[in-house]
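Visitor: Before we look at anything together, I would like to learn how to read the features of a model one at a time, starting with the general idea and then turning to the case at hand.

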Amino acid sequence: MKRETAQQREKRKAREAAQLAKLQAEGNSKHRFHSFWFLLIILTVVYVADEISSNMAGTMKPYMIFDLFNIPNADTKSSAYSSAISVMAIATIPTYLTLAINPLYKTLCDRYGRKIFLVINTLGMGVGMLISMIAPNPYIFVLGTCITGFFTPNDVQVIYLMETAPIHHRAKLCSITKGIGLLSVSLIGVFRSMFYDPAKLSTWRLVYLIPVLIAIAIGIFAMVFTRETPVFMEKRLRYLQQSDEERAAEEARGEESSNGGIGEAFRYIKRSRQLKMLILVIFVFSIGVGLSGYSTEILLAAGHMSDADMNTFYILEPIVYAICAFFSGFATDTMGRKNSGMLFGILAAIGMATFVIGAKAGLSAVALAIANGLMFGGMWSLSDLLFITLPGELAPTHIRASVMSLVSYAYISNLIVSMLVGIFYPAIGSANIGVFQLCLYAPIMIFSVIILKLKIKETKDTDLTQVTLD
């Protein structure tokens, strides 16, 4: 144990005593809302807020640019629009500094519990979207997007499910709830058809209204009706009930501390060959993710779709994506983690190729929505496998969130690529962005899943209470 003064020890003991009393009270609670199925409903709605928050900025950014940058005739092929994309990319650079602390923030779940961060994250999504909604200029819009983006990657609801679901149905329940959450993304298209008027560019703001209310409402609901996961409570209670001498004796025997933390998680990753290889896979995969953010520009540049067609696309695409996500867990539990990862990567590459080529060829809104939905369905199902399922099944409970957080630093390759594509967008141009994406995206997706297949062990049916170093 680290050295501390008598005053520091007294403060620590007081904090630990307060947390112990709180956890014991929750463990003894017989509240009728604390059943697994009611928790599942709450987490599903949290997923709804999470997925809508994650997709709002990407969908509405072109319309915000039309409005706040005064783009003539709302033309994505104009030099003014290309310049605006570049300005937005540069304006976003400082926000990447906040993303650097996001994994460190997530590690706090291992020390202070899952519930408080479930609530904070959900409310944070709502506040971020609200700021974007009322933004008087593009820079405040970026600020709102940054706040939303800080809270959406944490996925505490997934840790809840992993630590409460039956072992043989863990991935299925995660994918079912995510599928429902993704299905709700089609509501963005519904809200767009309800509120957005191309003749009144400022009406893009109204599309945010209902998602903001959903996120804030479910955040408050989660605060009232959820409690800590049994797995976390068991581990944390055991630690809090130990004396300092018992903790020191465990450390002297070389046993892992139950207190978790970023330092212990880092040391665990250094010793784990599997986690180091997983970080490599994530780094390569994330480069591909950074090349996938211009669907709206590709459609508008192709010039084959009316405003009604765009509404159809925005409504149908998330439904296809949601169906993929819904069944991804069944594939993961049935085929195993590695084989399903291969399937997801190939699906993403085929979907991207069909979407880009189909947009230029003038395929219908329905066909393009299916293609892009398959691309995102494959890509984000693979993302969940790499960022959540595999690190969660390769790390012990007391540092699970911390390991998942540190692993996510490999996502920096996505941020770098996204920034570079945005800055050099004027040179690429809206007419060429699709082909540019495709030529790089498909090979990267395939390469990442080949590494996964060859270098990562199978973790299907892992008992999360018995995870040991590989």
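Guide: Let us begin with burial: a residue is called buried under 20% relative accessible area, exposed over 50%, and partly exposed in between, with a 1.4 Å probe and protein chains only. At 1% relative accessibility, Arg192 therefore counts as buried. This is a predicted model, in which local features need pLDDT of at least 70 and side-chain atom pairs count only at pLDDT 80 or more, while totals for chains, interfaces and linings use all residues. Residues are numbered from 1 along each chain as its sequence is written, and side-chain values use heavy atoms, with hydrogens and water left out.

Visitor: With which residue does the side chain of Arg192 meet in a salt bridge?

Guide: Side chains of opposite charge can pair when their charged atoms come close. The rule used here asks for a side-chain nitrogen of Lys or Arg within 4 Å of a carboxyl oxygen of Asp or Glu, and by this rule the count comes to six salt bridges. The partner of Arg192 is Asp307, at 2.9 Å from N to O. This pair links distant parts of the chain, since Arg192 belongs to helix 10 and Asp307 to helix 17, 115 residues apart; helices are DSSP runs (H or I, at least four residues), numbered from the N terminus. Asp307 is partly exposed, because its relative accessible area is 32%.

Visitor: Which salt bridge does Arg337 form, and are its two residues buried or exposed?

Guide: Arg337 pairs with Glu393, the closest N and O atoms being 2.6 Å apart. Arg337 lies in helix 18 and Glu393 in helix 19, so the pair ties together parts that are 56 residues apart in sequence. Arg337 counts as buried at 2% relative accessibility, and Glu393 counts as buried at 3%.

Visitor: Which residues are linked in a network of salt bridges?

Guide: The network joins Arg114, Glu163 and Arg400. Within it, the side chains of Glu163 and Arg400 meet at 3.3 Å, N to O. Glu163 sits in helix 8 (residues 156-164) and Arg400 in helix 20, so that 237 residues separate them, and both Glu163 and Arg400 are buried. Helix 20 (residues 400-407) also holds Ser405, which is buried with a relative accessible area of 0%. Taking contact as heavy atoms within 4.5 Å, Ser405 touches Pro103, Lys106 and Thr107, not counting residues up to four places away in sequence.

Visitor: Which members of the largest nonpolar core touch the most other members?

Guide: A nonpolar core is a set of buried Ala, Val, Leu, Ile, Met, Phe, Trp, Tyr and Cys residues joined through side-chain atoms within 4.5 Å. In the largest one, of 124 residues, Trp204, Tyr208, Leu386 and Val403 touch the most other members. Helix 2 (residues 36-68) gives the most to this core, with 18 residues. A second, separate core of seven residues includes Phe232, Met233, Tyr239 and Leu240. As for Trp204, its contacts beyond four places in sequence include Met60, Tyr63, Met64 and Phe141.

Visitor: How are the rings of Phe313 and Phe355 placed?

Guide: A pair of aromatic rings is described by the distance of the centres and the angle of the planes. Here rings of Phe, Tyr and Trp (its six-membered ring) pair if their centres lie within 6.5 Å, with planes under 30 degrees apart counted as stacked, over 60 as edge-to-face and the rest as tilted. The count comes to 18 aromatic pairs. The centres of Phe313 and Phe355 are 6.1 Å apart and their planes stand at 35 degrees, so the pair is tilted. Phe313 in helix 17 (residues 307-335) and Phe355 in helix 18 (residues 337-361) are 42 residues apart, and both are buried. Elsewhere, ring pairs link Tyr63, Phe66, Tyr81 and Tyr196 into a cluster.

Visitor: What is the phi of Asn70, and where is Asn70 found?

Guide: Most residues other than glycine have a negative phi. Asn70, however, has a positive phi, near 55 degrees, and is found in the loop between helix 2 and helix 3. Asn70 is exposed, with a relative accessible area of 61%. Ala74 lies in that loop between helix 2 and helix 3 as well, with a positive phi near 50 degrees, and counts as partly exposed at 29% relative accessibility.

Conventions
Helix = DSSP H or I, 4+ residues; strand = E, 2+ residues; numbered from the N terminus.
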